[in-house]
Amino acid sequence: MKILLLGSTGMLGSDCKLVLETDYEVVAPSSKEVNIIRWDTVIETLQSVSPDVVLNCAAFTDVDACEADEEYMRKVNVEGPRNFAQGCARFHCKFVHISSDYVFDGQKLMPQPYFEDDAPHPLSVYGRYKVESEVAVRDNSPNYIIVRTGWLYGRNGKNFVKSVVFQAVSMKKKTIKMVSDQYGSPTWTYRLALQLKKLIENDGRGTYHATAEGCCTPYEWTEAILEKLELKTKLEPCSLTDIQRPAKRPVNCVLENRNLKEQGLNIMRPWKEDLDTFLEKYGPDLISEAKNQ
Ligand SMILES: NC(=O)c1ccc[n+]([C@@H]2O[C@H](COP(=O)([O-])OP(=O)(O)OC[C@H]3O[C@@H](n4cnc5c(N)ncnc54)[C@H](OP(=O)(O)O)[C@@H]3O)[C@@H](O)[C@H]2O)c1
């Protein structure tokens, strides 16, 4: 099987490359080589690579910057997926697209999770782009997988785990304030990459939720990171409403992997188990990187 991987320099894309390369031929152009917003480049790439599957991990992921609603950000997040959905239809290949928990408004009362067929109602421009991208994929590609995920962390790219280590080690913060009234499932990009591989291998079709099992608040997530890495920084709880950011965040970001489970394909692990494995593997490197910053 030949896979065209977009966004391979990103946090999720780099782990997908690692995981998929073990068994398949992976073509992973940079954003300079293939800019997904350019229709002519998309068609030329599909023609020359002739992939069986296109996996789209490329996106503009700065949620707050998206509030500026600039044309470029919409193009990357909506027109890019639309281009590939149409191109994949023309060249008869499967299109796998990554979406987000931010398609929902998070108003469901905890502990109720969101299911694949719940109606999207985004609170932010980024969330709206993701909904539009899903519609573009469904409308244009006869053979697609949409995977909604959230609260990603991994070895590469900016993420929550690295930011906590940075605040504790590099900034030497005595106290970190963390939100204690928002809920989600911290998801390791490496695990998600294994899940995407499983979905592709089993010819999954349609929309799936794929996040780690169980859920926590950012406060509990931070507590688990500090404890595992034996960092002495203290934690103070605060409310999501105390944090002023351009984009509104959903309170309940918990997704149930119902379709994966019903099809016997769910390999996602409990969030704490994966976080511990990740920190055992990379914690010392993250600490020394933070010390050198
Ligand atoms: N991070 C999260 O917590 C989270 C949560 C839910 C869903 N998601 C979704 O998961 C996917 C992967 O997210 P991530 O956090 O791994 O993203 P990321 O680290 O920000 O990486 C984004 C990737 O997209 C590429 N890219 C940007 N614009 C492009 C363009 N015009 N043409 C081609 N490539 C372009 C970037 O290339 P350059 O490096 O060259 O710019 C980079 O490789 C995205 O769809 C995101 O919306 C993420």
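View 1. A polar side-chain atom of Thr 9 lies 2.6 Å from an oxygen atom of the ligand. The model is predicted: local features need pLDDT of at least 70, side-chain atom pairs count only at pLDDT 80 or more, and totals for chains, interfaces and linings use all residues. Residues are numbered from 1 along each chain as its sequence is written, and side-chain values use heavy atoms, with hydrogens and water left out. In the side chain of Lys 130, an N or O atom is 2.9 Å from an oxygen atom of the ligand. Leu 152 places a backbone N or O atom 3.0 Å from a ligand oxygen atom. A polar contact here is a pair of N or O atoms within 3.5 Å; within protein, one must be able to donate a hydrogen and the other to accept it, and residues adjacent in sequence count only if both atoms are side-chain atoms. Of the 910 Å² of accessible area that the ligand has on its own, the protein covers 79% (Shrake-Rupley method, 1.4 Å probe; for residues, only the protein chains shown count as cover).

**View 2. The shell around the ligand.** The ligand is surrounded by 24 residues, each with a heavy atom within 4 Å of it. The closest are Thr 9, Leu 12, Ser 31, Thr 61 and Tyr 126. Helix H1 (11–20), helix H4 (71–90), strand S4 (94–100) and helix H5 (125–140) each supply at least two residues of this shell; S4 gives the most, with 3 residues. Helices (H or I, at least four residues) and strands (E, at least two) are DSSP runs, numbered from the N terminus.

View 3. The order of the 6 strands is S2-S1-S3-S4-S5-S9, with parallel pairing; two strands pair if DSSP finds at least two bridges between them. Strand S2 (25–27) and strand S9 (206–209) are at the edges with a single partner strand each, so one side of each has no neighbour in the sheet. Strand S3 (residues 53–56) and S4 pair over 4 bridges, and Asn 56 has His 97 in S4 as its bridge partner. H1 lies across strand S1 (2–6), S2, S3 and S4, at about 165° to S1. H5 lies across S4, strand S5 (144–149) and S9, at about 160° to S4. Contact means heavy atoms within 4.5 Å; axes are lines fitted to C-alpha atoms, for helices over the stretch in contact, and angles run from 0 to 180 degrees between N-to-C directions.

View 4. Met 110 and Pro 111 are joined by a cis peptide bond, with omega about 5°. Pro 111 is in the loop between S4 and H5. His 92, in the loop between H4 and S4, has a positive phi of about 55° although it is not a glycine.
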